[in-house]
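Dear colleague,

I am passing on the structure below, followed by notes on what was found in it. Please read the notes with the coordinates open beside you.

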Amino acid sequence: MLQTRSSGLLLHITSLPSAHGVGDLGPEAYRFADFLEAAGQAYWQILPLTPLDPGSGFSPYSSPSAFAGNTLMISLERLVDEGWLQADDLAVFNQQPVQDVTVSEAPAASGDVTPSVLSGPLTIAPSTLHAAWIKKRPLLRQAAEAFLNDGTAAQRSEYERFCGAQAHWLDEYALFTALQDATGEPYWLRWPGELMRREPTALATHTEQLRHELEVIKVLQFFFLKQWNELVAYCYAKKIHFIGDIPIYVQLNSADVWANPALFKLDNDFQPLFVAGAPPDYFSEYGQRWGNPIYDWAEHERTDFSWWMRRIRHQQSLYSLTRLDHFLGFYEYWEIPASEPTARVGEWIKAPFEAFMRSMYRQFVQLPIIAEDLGAKAADIQPQLRHYAIPGMRVVQFGFGDDQPTSSYAVHNHTENMVVYSGTHDNNTTLGWFRESDEELRGRIRDYLGFDVTEENIVDQMIRLTMRSVGRLAILPIQDVLNLDETHRMNTPGQGGRSWQWRLQPDQLTVEVAEKLLALTRLTGRV
């Protein structure tokens with residue numbers, strides 16, 4: 001499917017610099033797009049854009065909706081530009097403390113975006129996403145109220161078109177979110193029985209009572225998608241494309257499960273009969289018990305996978321390419337009885353992969369997806385990926401094990417139709433990985449490269465290996481481009497709220513960094 005050699009960088013939106021405690025779709029996103037252009041990159045890969053859940057450690061892979069946007073990413077500067085907030089509101093807001101954040105000066109307004117790869121004069125320390133959300137939420141609501149009160153006829157018409165086009169998920173998500181606030185109970189399985197069971201009379205009554213709240217929630221989703229589409233258009237003009245991400249599973253406490261319980265293996269009280277995870281392996285004695293409810297694939301097949309088709313179509317409207325997380329789960333998945341506290345007890349269950357793929361190809365002329373095919377059973381899915389010409393992933397860090405001569409991750413075994421990474425959001429940075437490596441691993445790296453490797457040269461060499469790969473698309477985490485150590489890791493699986501907090505500093509994207517990356521990109525034929 002991948003037709004030409006190209007490359008890109010991995011940086012999530014929340015990791016952008018911002019004066020407001022968390023990266024957003026404002027000025028710094030546009031400056032990063034400028035940096036990508038200056039560095040000769042064609043792709044910007046991000047993590048899921050869906051809302052975050054405090055109960056799940058703010059992981060972007062555990063969301064209360066598979067469709068909604070993360071309103072924490074809405075740019076306050078752009079709301080000021082559009083008149084839904086006043087500059088004075090932002091000045092007062094910026095004077096309020098955010099935990100662990102110091103700001104010397106706010107960024108320029110979105111209308112002042114320049115082609116320079118240098119960012120504005122911000123000094124920002126890491127902050128928690130939760131603290132940023134607590135601070136930002138009232139101002140977002142204020143902007144939504146201003147839109148509802150003062151929006152012009154043309155603006156309201158655009159909003160109504162958005163509501164109609166997104167109704168297949170927006171109405172349920174808005175009601176789900178409003179009911180969480182109205183009941184004071186964020187967990188839908190503890191709602192009153194008539195709401196938990198979705199009795200039509202109760203839903204109709206609460207929909208009427210919460211009409212204004214529903215509008216506020218929908219307006220914020222409108223703001224998010226509008227700002228996202230504007231950033232996409234800006235990037236497209238620079239020939240930069242987005243790679244998005246779909247987690248295969250959804251969390252139990254989500255609008256998706258509440259609205260579609262028949263699509264999951266639940267008992268009569270809507271409790272999961274089975275949960276998702278991965279069996280024990282070399283890295284985990286007890287396996288991984290993710291806890292997501294398992295899909296009732298027979299019901300999905302009966303409906304011709306209509307929920308999945310809507311989900312894929314929605315993703316295609318957001319991104320040029322979409323990474324399907326845990327692609328193995330479409331073919332075979334580890335099913336754990338919900339009563340089991342770990343993943344040690346479970347069994348591999350076949351999913352209706354061929355029927356799913358046939359349905360996909362009936363729905364879509366093209367299937368611009370990347371399969372996340374990492375893990376112990378990655379080999380099992382390779383024949384299917386080759387058959388359907390779906391590119392998989394190869395992580396260069398994984399190519400220095402005992403099986404190096406035959407490892408599919410080793411650069412000499414790469415093939416063209418794949419996406420090659422120096423590392424991913426789940427890995428340590430390359431410098432951190434090298435620091436943690438033992439002498440045996442360092443010996444294999446030295447033998448493979450043909451010279452001694454040190455902390456001073458390992459990152460540069462791993463980036464060069466990644467870019468020299470025959471794989472047509474190469475992706476580098478921005479941490480590797482900046483030669484950052486293990487303290488800048490985005491996620492350590494199992495660490496919960498201690499992950500996902502990393503933020504780029506605004507002075508790190510220099511002209512020199514862009515020029516060095518551009519030279520390597522040209523040298524390896526990826527411009």
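The second largest cavity is lined by 18 residues, and Leu10, His425, Pro477, Gln479 and Met490 are the ones nearest its centre. A cavity here is a set of points on a 1 Å grid over the protein atoms alone where a 1.4 Å probe fits but cannot get out, and lining residues have an atom within 4 Å of a point. This second largest cavity holds about 150 Å³ of space, a volume being the space filled by probe spheres set on the points, with grid points joined across faces, edges and corners. Its lining divides into six nonpolar, ten polar and two charged residues, where Ala, Val, Leu, Ile, Met, Phe, Trp, Tyr, Cys and Pro count as nonpolar, Asp, Glu, Lys and Arg as charged, and the others, Gly among them, as polar.

Before going further, please note that this is a predicted model, in which local features need pLDDT of at least 70 and side-chain atom pairs count only at pLDDT 80 or more, while totals for chains, interfaces and linings use all residues. Residues are numbered from 1 along each chain as its sequence is written, and side-chain values use heavy atoms, with hydrogens and water left out.

The largest cavity contains about 210 Å³ of space, and of its 29 lining residues Thr50, Ser65, Ala66, Phe67 and Ala68 lie nearest the centre. Helix 12 (306-318) supplies the largest share of that lining, four residues, while helix 9 (211-237) and strand 3 (241-246) each supply at least two; helices (H or I, at least four residues) and strands (E, at least two) are DSSP runs, numbered from the N terminus. The lining of the largest cavity comprises 17 nonpolar, nine polar and three charged residues.

Four strands form an open antiparallel sheet in the order 5-4-7-8, two strands being paired if DSSP finds at least two bridges between them. Strand 5 (288-293) and strand 8 (347-350) are the edge strands, each pairing on one side only. Strand 7 (residues 332-337) pairs with strand 8 over four bridges, and Glu347 in strand 8 is the bridge partner of Glu335.

Lastly, Ser18 is found in the loop between strand 1 (6-10) and helix 1 (27-38). Ser18 is buried, with a relative accessible area of 4% (buried means under 20%, with a 1.4 Å probe and protein chains only). The Ser18 side chain reaches the backbone oxygen of Val22 at 3.2 Å, and it also makes a polar contact with the side chain of Asp24 at 3.4 Å (a pair of N or O atoms within 3.5 Å, one able to donate a hydrogen and the other to accept it, where residues adjacent in sequence count only if both atoms are side-chain atoms).

With best regards

Conventions
Buried means under 20% relative accessible area, exposed over 50%, partly exposed in between (1.4 Å probe, protein chains only). On a 1 Å grid over the protein atoms alone, a cavity is a set of points where a 1.4 Å probe fits but cannot get out, and a pocket is an open set with protein on both sides within 12 Å along at least five of seven lines; lining residues have an atom within 4 Å of a point.
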